[in-house]
There are 2 protein chains.
Amino acid sequence: MTDISNISALMQDIGNRAKAASASLASATAAQKQTALFAAADAVWAKRDQIIAANALDMEYGQKKGLSPAMLDRLMLDTARVQSIVDGLRAVGGQADPVGAVLAEWDMPSGLHIRRVSTPLGVIGVIYESRPNVTADAGALCLKAGNGVILRGGSESFHSSGAIHACLVDGLRAADLPADAIQLVPTRDRVAVSEMLQMTESIDVIVPRGGKGLVGLVQREARVPVFAHLEGIVHIYVDKAADPVKAMQVVLNSKTRRTGICGAAECLLIHRDIAAGLGQDLVNMLMNAGVEVRAGDGLSGTLAATDDDWGQEYLDAIIAARIVDDVDAAISHIRTYGSGHTDAILTEDNVTAEHFFARLDSAILMHNASTQFADGGEFGMGAEIGIATGKMHARGPVGAAQLTSFQYLVSGNGATRA
Amino acid sequence: MTDISNISALMQDIGNRAKAASASLASATAAQKQTALFAAADAVWAKRDQIIAANALDMEYGQKKGLSPAMLDRLMLDTARVQSIVDGLRAVGGQADPVGAVLAEWDMPSGLHIRRVSTPLGVIGVIYESRPNVTADAGALCLKAGNGVILRGGSESFHSSGAIHACLVDGLRAADLPADAIQLVPTRDRVAVSEMLQMTESIDVIVPRGGKGLVGLVQREARVPVFAHLEGIVHIYVDKAADPVKAMQVVLNSKTRRTGICGAAECLLIHRDIAAGLGQDLVNMLMNAGVEVRAGDGLSGTLAATDDDWGQEYLDAIIAARIVDDVDAAISHIRTYGSGHTDAILTEDNVTAEHFFARLDSAILMHNASTQFADGGEFGMGAEIGIATGKMHARGPVGAAQLTSFQYLVSGNGATRA
């Protein structure tokens, strides 16, 4: 039995076992990984009553801890949500295998034939907060890409994540894959997170999914490489050449479809020439939809914006709105206050749209489309482990293909270098 | 004038200027970047006497400091070496532009058209040691990929690097690009390196090129993401089905063509069935070529190998040699002692070669080819900034294309998410 009173030794042991499992996973067949994920989906459905009972313990703990209604809603599992976990596992299971793909191949005058082939990354550490479905999504995506994974869920979802994890292990066993390929940290102690961030010998990359507290901890302490997931300070620039009908529907959807996701719009930038007309119409529409609009000079909103409103991620029914002189002023505002996640332009002028695309370096740029499309599923990836805002390795929605690396396989016929 | 007595302020200023330059570089045209590199090549040739005179100061400093003859040779510039710097700048200048390429594009049922487009990484910090030509190579590759770069050369090459850097700035000016796009740290103080490793606000990635001391410093102190460049503990496994003629030529070339490069073979693993015949012939051939062979049981070499010889990077005319039972034993040895750089198998049995390829995760795996081909030029990349041994982002030879990131450009026609 593992001694969880010694967190450091516990985590080292988990790391070593993950590394050993990843070595055998790297040569697991596509069929084995698919079998494991389909069997895990079956196990989740078969054990749905146990999962929901485990979730009830978490809900009780969360209520005692005084979690907000929004947090409790994220935590809650019912039959419909368990069904969506099952669907997610099946969807990832059915995807094309991302490992072993020949990404490029060419011949050299020296006689060498060079192939660049996708490989697993190794061991991935996923640190997340309350949503228990992440246990299934992250475990499935990492396995699909041939990686060992160490999951560290939020303390609130401790029992739910444990019950879901048991089903993932059932799936691994059904496919004759090592149970250590998907491990869940069996303690709520936060020291385990700090340990994970230092485990350069056994973890190849950390994927943090959470709020500012987690992001700050990761930035201060991580020695292991990280797929940065910063805030989604999402801007929409409404150009003077915007189509008013499209603008009304895209702005409404970007802000109000779901306000708590990272792709929700947080700031509306409006070209001066249309501020009094379409601009004010957009502000009025948002207020009518129950959104608090913190408006800059020249717009009348619910409240007057202050300097603190630029660069705010509200994740709520609140939006900042500001008049800008032109597309370059919008670009400058976004460069100053954005987080490089997702930003959008609404215009019928393709030259202006191309300019906006060329001058901004956000992971996702949208033209005449809702920012709420910033999602792995909407990009055709089937599922995602998060939206990466860093520029290293993965960027934007992180699906199984982004959880791979590559190697060069070189064949000669006795070739020597001159 | 910059106050170089305050290294921290100096480096912050360099970082801020690099970040500002990179913002304008991101939209530099392919023609501008090409013009800059061709003009830099012209400047290096025109100022070759000044560069060689600056190098004489470095050689004098190096001799006083007691550098080894091998180190002094790496440092030395003559007309032929200046010519090769010129050739390198022209070669990178003439390459296809790696920025703005559509890496993938697809349509979604929602009506979105999604493009994945290559972009610059941002600002790259390159920390290197004595070879002054790295100043030109690294500066050119980073510029080609649209990145700002902060170059921190070795203290021994201080004057040579400064003279070459001045030519790169001439090139930037000729193309109307910001001079701050390629900066050279103007102090030998090692505190500048520690500063660079912490500059997460302004540097996107650090590329360290150097020996164990530098690698250790980077591993301890870096907060900025790093393209790991570990040692090249390069193995060659000679299978029982190896062709003797190919084996003799490939092993000789892998060890002796140049012993000081990271792709030089450091350990020979020989299948037990051919150890007494071909295996001993290989050992004898190497000894005849002046190589010290540290041989394991069953082989007679120059010396008996000790446990310390497994996993050694000699970078010299020394090689370890060991008998293994079969390909799996070779794989196990390489997994234990290798550094994931380059490893090779010599065999006529393609099934065994595929097994070796499937079970090892080195950045480069070779079949019947010299390990000395582990080089960006030999891979068709024109030049390289180093060989990355990590699995994040770049891997193997790092050319201009590996110094890019990507973003998603999404177009709709007023699309909203259901």
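This note goes through the predicted model point by point, from the whole chain to single residues.

1. Conventions. Residues are numbered from 1 along each chain as its sequence is written, while chains are lettered from A and ligands numbered from 1 in the order in which they are written. This is a predicted model, in which local features need pLDDT of at least 70 and side-chain atom pairs count only at pLDDT 80 or more, whereas totals for chains, interfaces and linings use all residues.

2. Overall form of chain A. Chain A has 13 helices and 16 strands, where helices (H or I, at least four residues) and strands (E, at least two) are DSSP runs numbered from the N terminus. The radius of gyration of chain A is 24 Å, which agrees with the value near 22 Å that a compact globule of 418 residues would have; the radius is taken over C-alpha atoms, and the globule rule is 2.2 Å times the number of residues to the power 0.38. Along the principal axes, the C-alpha atoms of chain A fill a box of roughly 70 × 65 × 35 Å.

3. Burial and contacts in chain A. Of the 418 residues of chain A, 56% count as buried, a term that requires 20 or more other C-beta atoms within 10 Å of the residue's own, with exposed meaning 12 or fewer, partly exposed lying in between, and C-beta atoms placed from the backbone. Among contacts in chain A between residues at least 6 apart in sequence, 73% join residues at least 24 apart; two residues are in contact if their C-beta atoms, placed from the backbone, lie within 7 Å.

4. Domains. Chain A is assigned a domain 1, covering 7-227 + 398-410, and a domain 2, covering 234-373, with bounds that come from an automatic or database domain assignment. The centres of domain 1 and domain 2 of chain A, taken over C-alpha atoms, are separated by 35 Å.

5. A four-stranded sheet in chain A. Four strands of chain A form an open sheet with parallel pairing, in the order β5-β4-β3-β6, where two strands pair if DSSP finds at least two bridges between them. The edge strands of this sheet are β5 (182-184) and β6 (205-208) of chain A, each of which pairs on one side only. From one strand to the next, the twist averages 20°; axes are lines fitted to C-alpha atoms, for helices over the stretch in contact, and angles run from 0 to 180 degrees between N-to-C directions. Helix α6 (residues 133-144) of chain A packs on the sheet, where α6 touches β3, β4 (148-152) and β5 of chain A and makes about 165° with the direction of β4(A). Strand β3 (residues 123-127) of chain A is joined to β6(A) by four bridges, the two running parallel, and G125(A) has I206(A) as its bridge partner in β6(A).

6. An open sheet of 10 strands, with mixed pairing, has the order β1(A)-β2(A)-β16(A)-β13(B)-β12(B)-β7(B)-β8(B)-β11(B)-β9(B)-β10(B). At its edges stand β1 (102-107) of chain A and β10 (303-304) of chain B, each with a single partner strand, so one side of each is left without a neighbour in the sheet. Where do the chains pair within this sheet? Strand β16 (residues 404-415) of chain A and β13(B) pair in the parallel sense over five bridges, and V410(A) stands opposite M366(B) in β13(B). Helix α13(B) lies across β16 of chain A together with β7, β12 and β13 of chain B, running at about 165° to β13(B).

7. The contact between the chains. Chain B and chain A each give 55 residues to the contact. On the side of chain B that touches chain A, β16(B) gives the most, with 11 residues. By class, that side of chain B has 24 nonpolar, 21 polar and 10 charged residues; Ala, Val, Leu, Ile, Met, Phe, Trp, Tyr, Cys and Pro count as nonpolar, Asp, Glu, Lys and Arg as charged, and the others, Gly among them, as polar.

8. Leaving aside neighbours within four places in sequence, M366(B) is in contact with V410(A), T342(B), A344(B), T371(B) and F373(B).
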